[in-house]
Amino acid sequence: MSEALANLLNETRQFPPPAELAANANVKADAYAEAERDRLGFWERQADRLTWAKRWDQVLDWSNAPFAKWFVGGQLNVAYNCLDRHVAGGRGDKVAIHWEGEPGDTRTLTYADLHKLTCQAANALTDLGVVAGDRVAIYLPMIPEAAVAMLACARIGATHSVVFGGFSADALTNRIQDATAKVVITSDGGFRRGKPSALKPTVDEAVANCPSVEHVLVVRRTGEEVAWSAKDHWWHEKVETASPEHTAQPFDAEHPLFILYTSGTTARPKGILHTTGGYLTQASYTAHAVFDLKPETDVYWCTADIGWVTGHSYIVYGPLSNGATQVMYEGTPDTPHKGRFWEIVDKYKVTILYTAPTLIRTMMKWGEDIPAGYDLSSLRLLGSVGEPINPEAWIWYRQHVGRGELPVVDTWWQTETGAIMISPLPGVTEAKPGSAMTALPGIVADVVDDQGQSVPNGGGGYLVLKEPWPSMLRTIWGDDNRFIETYWSRFGAGANAGGEWVYFAGDGAKKDDDGHIWLLGRVDDVMLVSGHNISTTEVESALVSHPSVAEAAVVGATDPTTGQAIVAFAIPRGNTDTSGAAGEQLIADLRNHVAKTLGPIAKPRQIMLVPELPKTRSGKIMRRLLRDVAEHRSLGDVTTLQDSSVMELISAGMGGGK
Ligand code: 6R9
């Protein structure tokens, strides 16, 4: 960005927390002041929510910045904290996971069940020669064994690397090779969109090129025929017959817990490394604080896939370390019908729902009659993660899922941050639709200009983090230099030795007049139109605020007059007539609507009505591919797309050019 982001959107609605929730909230307003007085002391008290085998000597060692060490000298076992201590505390019979398979089969696992399976898996992995420090790749559908596999690795100190069950053999190969994984845990397949979807053949293809892999553990889920090699072991033969006795050994607070590869927009994927004590402290605290999680009474459901960081922190480590009861669902939201999510909320009496804007916008597209057909009265809190949530999508979520009264927490964080960083506190914050509001207690975030100077309220620029935090990434696996270059060299000490270390998140943001933070999308996506930096998010939000639009993506395409021009792709809502003249009229209306909402500078040069948008498996819009279409180039790498046929649809529609 050559100048600060233009600040276009003016959203002023504000919603206070419900009185009862505020009165009984796990975390109250005083947490901010407490953390401000003594940030490290604050995190020390959050670490005390866990069970440690040996207490730390020092909270934070930042002497070798930007390589942090948290809770130095402390020792703990992550699986012990997620399972054993609940069982030992008399809560073994409490349901940990209500699992719902896509075809409708179900399983209920108590904490005692999950503990037993995890101990068996830990014994089986040990028997296969896995020792602390080894890497294990996990390539599974959304079945309880995915959580068990992760916890079993944590239990024996093996570092897991979960790869989305949907990534290609190439993507899997690269990730296995980069981490030199010794074992792969997979399944014959899983159910998606009403039919079995195979995983094992992809693993076979990958393993053929991965000499580090000694064994493959295969869960039987679909029952489909699979090829078999000398390295393969059935999970039910190897794990479910193993001894359920296993004593968890404590590991150093800085022992590597997991590697997770960020999809990256263009570059080679980065293996983000997280460690043990600090990660669990913040994952656990934020689940308690942001979701107001009450393990005795709540039924929590995070709809993320376990292969996304959200699944790591808010299906496995956050909820389980708090002893929560949760729902886990295997399949897609429209199988066998578009009410499946709400049917699940109704069936299990879900109280806390954590999902992504892409899902909310899809539900908007399908229409509010669908959630209206179910009893959603059990819900008491709604969360969002993954992308900026457009104000209209936020309002729709609160209105049609949250009865017009539930708090919505928009949570900003990244694979790299490990846990939630910027979010309302549901019992404290007067939330504004579309804003992630303020940094959580103990987190120091800011918005800075090109020179790294904090922008005043009302200004826009880059989101940065100014102090280290417990669940921060420790490095990029095998590439310390890339770690420093990517995150720590844009501002602060990297560029200006002797100063403070400042973490560059790669997101654009603005501060409103009250100092609240609004995320504006990835800096790489910012458009430069006639010398003005315009965020994709704001133009998309303006489009979504039109009653006929459910979802939109905009990109900057090269333009001879304006440098870049705005090209928009919009998905119409349910019953909108988009044929012939009606479609032309809608496009004209939408261009004017954006100009009226944000100003003439933001008026799109061109708008395409499309049935779908290209998204990653975690639901992020891949604008890079849309830019290729808008500029009539051949498509770049599509390996992380959820559904590659989408691009054919869009490119076909684009055919005639401008
Ligand atoms: C948890 C997760 C990180 C990127 C991040 C930002 C975007 C996530 C957001 C959000 C606006 C939110 N992002 N949450 N943008 N508001 N509430 O998504 O991790 O997959 O690593 O993506 O996602 O651009 O930098 P990850």
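Predicted model: local features only at pLDDT ≥ 70, side-chain atom pairs only at ≥ 80, totals over all residues.
View 1. Helices (H or I, at least four residues) and strands (E, at least two) are DSSP runs numbered from the N terminus. The unreviewed UniProt entry annotates residues 538-620 as "domain: AMP-binding enzyme C-terminal"; UniProt positions follow the numbering used here, feature names are shortened, and annotations may be inferred rather than shown by experiment. Residues count from 1 along each chain as its sequence is written, local features need pLDDT of at least 70, and side-chain atom pairs count only at pLDDT 80 or more, while totals for chains, interfaces and linings use all residues. Side-chain values rest on heavy atoms, with hydrogens and water left out.

View 2. Follow the order E21-E22-E24-E25, with antiparallel pairing; two strands pair if DSSP finds at least two bridges between them. Strand E21 (445-448) and strand E25 (517-522) stand at the edges with a single partner strand each, so one side of each has no neighbour in the sheet. From one strand to the next, the twist averages 45 degrees. Helix H17 (residues 536-544) packs on this sheet and touches strand E24 (503-511) and E25, where contact means heavy atoms within 4.5 Å. The direction of H17 makes about 105 degrees with that of E25; axes are lines fitted to C-alpha atoms, for helices over the stretch in contact, and angles run from 0 to 180 degrees between N-to-C directions.

**View 3. The pairing of E21 with E22.** Here 4 bridges join E21 to strand E22 (residues 460-465), and the two run antiparallel. To find your way along the pair, look for Asp-446, whose bridge partner in E22 is Val-464.

**View 4. The annotated "binding site" residues.** The unreviewed UniProt entry lists Arg-192, Arg-193, Gly-194, Lys-195, Thr-310 and Ser-530 under "binding site". These residues span 339 residues in sequence, and the farthest two C-alpha atoms are 49.6 Å apart, so they do not all gather at one spot.

**View 5. The loop between E9 and E10.** Arg-193 sits in the loop between strand E9 (189-192) and strand E10 (195-198), and Gly-194 is in this loop too. Arg-193 is partly exposed at 46% relative accessibility, whereas Gly-194 is exposed with a relative accessible area of 55% (buried is under 20%, exposed over 50%, partly exposed in between, with a 1.4 Å probe and protein chains only). Beyond its neighbours within four places in sequence, Gly-194 is in contact with Glu-102 and Thr-335.
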